[in-house]
Each structure stands twice: as structure tokens, then as C-alpha cells.
Amino acid sequence: MGKETHSVLVVDDDKDIREIICDVLNDEGYRTVAAADGEEALELLRHGGPYCLVLLDLMMPVKDGWTFRQEQQADPAIADVPVFVVTAAGSPDRTQLGAIKGILHKPVNFKDLLGAVQAFC
Amino acid sequence: MTQLVSRHAPSLLDVVEAGRDGVLERWVARFLQRTGRLREDLSPEIQRAGAVLTRMGAALRQQPSAKGQGDVDVSLPGLALMTLRDAVFEAADSAGASLSARDVMAVNRVIDEALVANQAPPDVPLEQDQRSRQQLHALLEQLPVAVVIVEAPSGLVLLTNRQSRLLFGSRATPGALHETLYDGWTEGSPPAESPKPLARSLGTGELVQGELIKVRRDDGTFAYLRANSGPIRDGSGNMVAAIGIYDDVTAERQHEDALRFLADATALLASSLDYETTLRNLAGLAVPHLADWCAVEMAKADGSSEQLALAHLDPKKLEFAEELRRRYPPDPAVDTGVPRILRTGEAELYEYIPEAMILAAAKDEDHLRILRELGLRSALAVPIRAGGHVLGVLSLVSDEGGRHYSKTDLTITQEIADRAGQAIENAALYRDAQSAIRTREDFLSVASHELRTPLMALNLQVSTFIARSEAGQTPDISLEKMKRLYAQVLRMTTLVNQLLDVSQLATGTLALSCTNLDLGALAKDVIERFSDTAADARSALSLSVTGSTTGFWDRGRLEQVVTNLISNALKYAAGTPIAVRVEDDGGAARLSVADQGPGIALVDQERIFERFERAAPVRSFGGLGLGLWIVKQIVSSHGGSISVESAPGEGSRFIVQLPKQRKTREADGHGQRDALRPRGR
């Protein structure tokens, strides 16, 4: 699993945030794919990839981050893709999130974001 | 005629004097029967009974000196004297004698005097003895407590006074058995296990002091008596009688009960903010000390009432009452009782429930029968008030407990109801305060989330720039990236402005700077700014303007109105076409923004214009929950209105109606700032 073969899936309903995260990671040599909600993200996980990491926002329309995690964990084909939560919520409810790799609290800075991605990609 | 009567009908004197031996014989037979003694042993008593009859004769002849025959021994047991009196009246009856009231009183007086004489020390001079007896009689009659003296060991009542006759009625008669004096028992003990105080004194010589007994009066109501009793002994220490003294403490006891209820109720009301449970417990507290029935009825919005609590000691009676209420539900239109109190807030007191009231309340024969069976005696009902409104009614009713409510009871019960009202009001204030705190916390959480999003974009861009510069790399500072950064700055500015608006509007003022402007043109400008966002949301944004849409408005504020409505539509109805229309409506301009999104349920349609409210779940959609509230405040400040037409699954249409000229001109029309109090807040 490496940055040459695998992509980072960036899931956030805010277009500006998606674009900036993707830009920063692309400049560091990572491949990125963006999704605007949990539904799109599940679709991409199942039919795209391979992915080394999902950067997951929680509060999103259509399908939120918690629901995304429940469906991801229920689907053996995609359950193992590591997930890092990136959220503006102060203390998000972790009970429904399952085994995530960590949480980045918005506003996230460059070093923290890069550190999280480097650990998995 | 008088002579005829006197010839054919003997007088009581005739019977006593002429038929003396017959009377004595009759007495001996009865007395032996009652005591089980032998005739041979009775000669001294027969002699003394004869002496009593001699006195009786003198009394019937109205000789004042009748009592002065002190040398004659009349010391007979009380039972013997009572039996002698019975024998005299029986003999008179069988002789067909005419009995005048005066004659009957004379006989009774002699017997009473003999009873008292038997208790007097034998060596007291006659004059003094007579005086003492008169004084004792006067004292007993005037005493504010009931006094009963019974003979030992027979238990026959020898002497009563005025208070005892008032308290025990016809049963307080000399010669009666003291056991039948009253039906009652010691408070706090089962009736069967508490012999009456007087019986205990009589049986064992016990001295009873201040024992509280509960007795049933002739009319079925209860009285509380403070009882004292003890033995009366002769010179040799033998018990010859027992005395019982009874103080009627019913009123005092009822007042104590009421005060205890007030204290307990106050503690109860202060103990919890859950007023429904509290009021149920309150009803339980009133029963049985203050009432046999206690009900709490709460007013409903439609003018009717609902029974929150009903208490009675007997569960069967409760079931009965519930069944009664099901069969004959209360009529909210009646002009008495709970419905009237709910309307007027005036308390009602029925010291006695009149038959007419039961007749008026009965809806049919069966109902009347049931109401009569309930045996309701007295009732009072008071309003439970808070903040100038009648919230409910607290009712107390007595049935077999026999209490009759007084104005004092009404005052105390009203005091409890007022405290209950205060408790309900406090609970409501507490709930409101809790809700306000929750709303504020939710809002702070949402506001923090909203501010973090643009801050995240800025932070990431700037920290990347710094990290790369420090690493000796050339950071990308293209115009495109700078524009993106700037967009985040604008986004934060908008959020901060909204927060400032909240603060300004919360204090009740919104500064307007009005000029003549065209709403159609303004809408066109705003829509152009949304072209990129609309494209991202895959929504087609259209505008149609008809007629003259120029008015005297605040440009910045109206831009905010159009912006908030369009950005809401793009947020909640992304992917559907959004149609903005600006139309001339005579003296007003109408702006509408329609989408084909998920729509808003009817229950949410009012709420969405409130501060910090939203119809969509916060997990799915960001935003401060302020947009529509701010729109409403701005529109109201311009004298206009906003409404929504929507149904789930059928999209939403927000309609803003803005008068072209404000009715009250407060600005000079050249952009001078003025302040208006927003309506509806």
C-alpha cells in the first residue's frame, strides 16, 4: 500500500475544504479522490480505489459520517480501509464510529494532516 | 271536669302515698331481679327506700322542707335508686295516674338528691350539705366540659351535666349504662382493642389522663374528645363510682389537621419540579385527615378539564368514582363547581351539601341514586392560580368522615392551592430556563462548528505555506489559491455578521438605512453572485420580475434577505431547480423563492422562523439556524411579512411581502439611519 498505487478518499460536504485538502495532498504527491457525502464515499469505496485511507467528515447531508461507518463496517469488502475522522464537532459521539484510526479536529494544520496520511499511505 | 279527672285519675302523690307498699313491693322484685340478691338480706334497703318515698311524697306536696329530713337514712346504691324511680313510674302507669311535668321533676329531683347525698360525707351538717350540693350542681352545669359519674361496680350513669347531654344526646341519662354512652374508640388504636377510659377506671381504678378518643355523634359525624377518668372512693377506700370528663377538641383537632396538611403540603410542593406527581401526592396528603375525597382537576386548552388526581382511603370508592365519571362525564358548561371555578377563579364552600344541589347535579334517576349513596356532606373547592390564570381546581369533600368545612378550612386550602400554583409556575420557569440553556449550548456548538469550517480551510492553506517555506520548498501562491482563501475570509465575515445581528436583534433594535431601490434588480445581482454555488449544487437558478418593484428599503438588509433565502434553497434542495420571482403587488412588492426539495412538515413551518431553529437534522446540514429568523426580523422591520408554503416531498416556497413605502416615515429618505423595533419579538 503506497502513494503510488493507492488514493486518499477525502469525504466532506464543504466544497472548499475538499478542494484544499486534495490540493495539499496532491502537492505532497498523494493521489486523492473527493466525495461530498457518505453515500458518494461508499459508492467510491465499493467501485473505485484502491484506497489507503479515508479522511471522513461527520456532519454531512444525504448520509452522515456515522452512518457511513456503520455501512462500511457491515461490508467485508471495504471494512478494512482505515478511516481518520476530520471533524469540527468538539467531542463527536464515538460509540457508532467503531475502530477508527484517529480524529483530527478542525481547523487542522498541514503537519497533522500529513502525519495522519503518511502513517497509512 | 277537674273534679272528674281527679276522682277517676289518681295523681302521682296518690300513687306514692296510698300505694306505697305496692310501689315498694314492685321495687323489691325489680331490684332483686337486677342484682341477684336474696330478699332476706334486703330489709335495711327496704327501709331506706321507704324513706326516699316519704321524701318524694313531701316533694310532690311541694313542701320545701322535704329534703330536710336529715335523720332519715336514704343511702341506697344508685342502681337501687334508679330502680325505685322506675317502680314509682310503673306504679303510676298501672294506676292510670295523670303525670304532670312538675310531678316528674319532683320525683327526679328527690332521686338525684339521694344519689348525691350518698356521695357526701355523713358528718356534714345538713345546711352545709345542701349548700354544697347546690354549688356542685351549678358548677357541673356550668363546666365547659362534659362530666359523667357512674356507679361502681354497676356502671349505671348517676349524674350528667349540660355539656354531656349536648355531646352524648339522649344517651346521657341517669340510669343508663355508661357503655352505651357513646360509640367511639381511642385515636390510633383499633376500636375493639381499646376499652373506653371510663370503663377502665371502673374496672381497675385506672386514672386516665388526656386520652384522645374519637366518637361518632348521633348525626353520624365524628367528634374528637380529650378524655380524663378516674375512680371515686369512699372513706374506706372502696370504689363507689367513677368519673369521666370529656373535652370536645374537634375544632382544635381539625384546625391542627389543616395546619399539618399546610406544612406537609408546603414541604411536598418544594420537594420536586415535577408538578404532576407533586399534585397527585398532595391529594394523597389531604386524605383522610382533612377530607375523605381530594381531587385535583387541571384546565385544558379547550376550556374543559382533566382529573389529574383523585384520592380516597377506600380503593372501591375510587373505582366507583371513576366509573361514575366515565358514565356521567362532567359538563364544562355548568354554572357551579369545577367548571365555574375554572372560568371565574372564585372558590366555593358548601358547609352542608344541600339535597337541592344533588338533585340539580343528577342527570337521571340512576345518577341521583349513586350521588345519594356517596353520602357527601360538605365540600370546598379552590382555584389553583399562577400568573393570573386559573390552572386547575383543588377540591375537598367529606362523606362519612363527617367533617363540615368552614371558612378557615377554605382559607387554608386556598393557601395550599396558591403555593401549588407557585410551584407549578416555578417548575415552568425552571423548564424554560433549562430549555434556554440547552438552546444556547446547542447554538454555541453549532456556531463553533460553522466557524471552524472556513477556519480549517485558512489554517490548512497558511500552515502548508509556512511548512513548505521552512522546508526550503517554493509554496504555491497562485491567484486561484488566494481567491479561495479570500472566499473563506468572506464566509467567516458573514458568520460573524450573523452573530452580531443576533446580538443586535436580541436587544430589540435593527438599524435600517433606507433608500429608493428596485428589488428586481437587487435580486438579479444576488443571483449572479450565486452562479458558482448553484452550479456546484446542480441547481438551475431562475429569476422572473414583473411590474414595478421599486420601494423604500435598506439595500444591505434586503440583500441579506435574498441571499439567505437562496442559500437555504441551494442547501436543502440541492439538485432541484430554484425559481426566484419578484412581482408588483400594488402597494407592496412580493419576493418568492421556490424549490422542489424535500419540503417542510406543517409542524415545523412556524418553528423555522424562530431563533436557533431548523427543520433539518443538525447532523446533515450545517448553519447557525439563524438565517430565516434574521430574514423575518428584517422583513418585519420594513413593515412586511414572510410566510412559507410547503408540504413534505413537494418543495417549499418562501414568500416575502414588502410594503413599498413604510406607513410611518422615520427617515428622511436619504440614507439616514433609523432604528425600528422588530415586530413579533
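1. B:Ser539 is a buried residue, with a relative accessible area of 8%. The model is a predicted one, and this point should be read with that in mind. B:Ser539 sits in the loop between helix H19 (531–536) and strand E13 (541–546) of chain B.

2. Next, the contact between the chains. Chain B contributes 23 residues to this contact and chain A contributes 28 residues. About 2,500 Å² of area is buried between chain B and chain A, and carbon and sulfur atoms give 57% of that area.

3. The polar side of the interface can be listed as well. There are 14 residue pairs in polar contact across the interface of chain B and chain A, counting pairs with both residues at pLDDT 80 or more. On the side of chain B that touches chain A, the elements giving two or more residues are helix H16 (407–470) and helix H17 (479–506) of chain B. H16(B) gives the most to that side, with 13 residues. By type, the residues of this side of chain B divide into seven nonpolar, nine polar and seven charged.

4. How many salt bridges does the rule find across the interface of chain B and chain A? The number is eight. Over all chains, the count by this rule comes to 44 salt bridges. Side chains of opposite charge can pair when their charged atoms come close.

5. One of the salt bridges links A:Asp23 to B:Arg484, with the closest N and O atoms 2.5 Å apart. This pair crosses between chains, from A:Asp23 in helix H1 (residues 15–27) of chain A to B:Arg484 in helix H17 of chain B. A:Asp23 is partly exposed, at a relative accessible area of 22%. B:Arg484 counts as buried, at 11% relative accessibility.

6. A further salt bridge is formed by B:Arg468 and A:Asp27, whose closest N and O atoms are 3.3 Å apart. Why does this pair join two chains? B:Arg468 lies in helix H16 of chain B and A:Asp27 lies in helix H1 of chain A, so the pair joins two chains. B:Arg468 is buried, at a relative accessible area of 8%, whereas A:Asp27 counts as partly exposed, at 42% relative accessibility.

7. A:Asp16 also forms a salt bridge with a residue of chain B, namely B:Arg491, and here the closest N and O atoms are 3.4 Å apart.

8. Within chain A, A:Glu71 forms a salt bridge with A:Lys63, the closest N and O atoms being 3.1 Å apart. A:Glu71 is partly exposed, with a relative accessible area of 28%, and A:Lys63 is buried, with 13%. Elsewhere, salt bridges that share partners join A:Lys15, A:Glu19, A:Asp23, B:Glu480, B:Arg484 and B:Asp536 into one network.

9. The cysteines are the last topic. A search of the whole structure finds one disulfide over all chains. The disulfide joins A:Cys52 to A:Cys121, with an S to S distance of 1.9 Å. The link is right-handed, with 95 degrees about the S-S bond. A:Cys52 lies in strand E3 (residues 51–56) of chain A and A:Cys121 in the segment after helix H4 (110–120) of chain A, so the pair ties together parts that are 69 residues apart in sequence. A:Cys52 is buried, at a relative accessible area of 1%, and A:Cys121 is buried too, at 16%.

10. A:Cys22 is buried, with a relative accessible area of 10%. In chain B, B:Cys514 is buried as well, with a relative accessible area of 1%.

Methods: Residues numbered from 1 in each chain as written. Chains lettered and ligands numbered in written order. Predicted model: local features only at pLDDT ≥ 70, side-chain atom pairs only at ≥ 80, totals over all residues. Heavy atoms only, no water. Contact = heavy atoms within 4.5 Å. Buried area = accessible area lost by both parts, 1.4 Å probe. Salt bridge = Lys/Arg side-chain N within 4 Å of Asp/Glu carboxyl O. Polar contact = N/O pair within 3.5 Å; in protein donor to acceptor, adjacent residues only side chain to side chain. Helix = DSSP H or I, 4+ residues; strand = E, 2+ residues; numbered from the N terminus. Nonpolar A, V, L, I, M, F, W, Y, C, P; charged D, E, K, R; others polar. Disulfide = S-S within 2.5 Å. Buried < 20%, exposed > 50% of the residue type's maximum accessible area, 1.4 Å probe, protein only.
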